[in-house]
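Hello,

Here is the structure I said I would pass on. My notes on it are below.

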Amino acid sequence: KWAPPPPPPPSPYNNNSSQKMNMSPNHYWEVADAMGWHGKPAVRERALTEDHAHDSFENMLYSLCRFREVTGRYPEQLTVVSFGFKEARFRNMHRRAIRWPERTFRYAGVDPPGNVDVLRDAEHLNSVSLFGSDPYGCLGALARKRLGRNPFHSTSGYPKQCPELDALFSYCSSEVFSGELPWAMY
């Protein structure tokens with residue numbers, strides 16, 4: 001008996017709490033909803049949010065765990081949507097830190113209007129140079145920044161939701177994590 005194919009997996013909307021504007025992940029969801037999901041209303045049923053991340057590394061890792069939490073599996077492809085000037089951080093640092101395969105990684109970057117060179121310089125100074133020596137954001141300036149973005153000491157349930165990532169969640173080193181990861185097969 002023929003049945004229609006299942007809908008595509010959910011797409012987590014993510015916004016870390018480092019944003020200066022009060023734009024919670026739920027707000028992004030509400031904006032997309034108000035805009036009719038850009039002409040694709042079926043996306044509404046599979047869009048979800050992730051709201052525990054405190055920096056871009058946690059954005060990527062927590063979104064993968066949120067996907068697993070909802071679908072019961074990890075995605076086969078990872079697409080990051082952000083500003084174009086942040087691509088090096090996500091592609092060359094965070095992707096490598098979690099050892100996500102390059103062939104199944106996509107980056108969709110759109111820069112804001114204005115002088116992007118100023119933003120790119122600030123990105124290098126405030127993020128790229130720091131994550132270059134601290135890929136997991138757990139040492140020095142990045143650890144202090146993360147703590148500063150979490151004044152109530154909130155925690156996520158992701159280590160329990162994604163037990164196969166427990167070692168990665170607790171890993172803190174300037175060296176790349178070498179333990180087993182569920183997407184190694186991709």
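Predicted model: local features only at pLDDT ≥ 70, side-chain atom pairs only at ≥ 80, totals over all residues.

Residues are numbered from 1 along each chain as its sequence is written, and side-chain values use heavy atoms, with hydrogens and water left out.

The protein has seven helices and four strands, in the order β-α-β-α-β-α-β-α-α-α-α from the N terminus. Helices (H or I, at least four residues) and strands (E, at least two) are DSSP runs, numbered from the N terminus. Of its 186 residues, 38% are buried (under 20% relative accessible area; exposed is over 50%, partly exposed in between; 1.4 Å probe, protein chains only).

In α5 (residues 140-148), Leu142, Ala143 and Arg146 are buried. They lie on the same side of α5, because they cover an arc of only 100° around the axis, taken from the directions from the helix axis to the C-beta atoms. Arg144, Leu147 and Gly148, on the other side of α5, are exposed. The buried residues of α5 pack against α2 (56-71) and α4 (116-133), contact meaning heavy atoms within 4.5 Å.

α2 also packs with α3 (residues 87-97), at an angle of about 60° and with the axes 10 Å apart; axes are lines fitted to C-alpha atoms, for helices over the stretch in contact, and angles run from 0 to 180 degrees between N-to-C directions. Ser56, Phe57 and Met60 of α2 meet Arg89, Phe90, His94, Arg95 and Ala97 of α3 in this contact.

Regards
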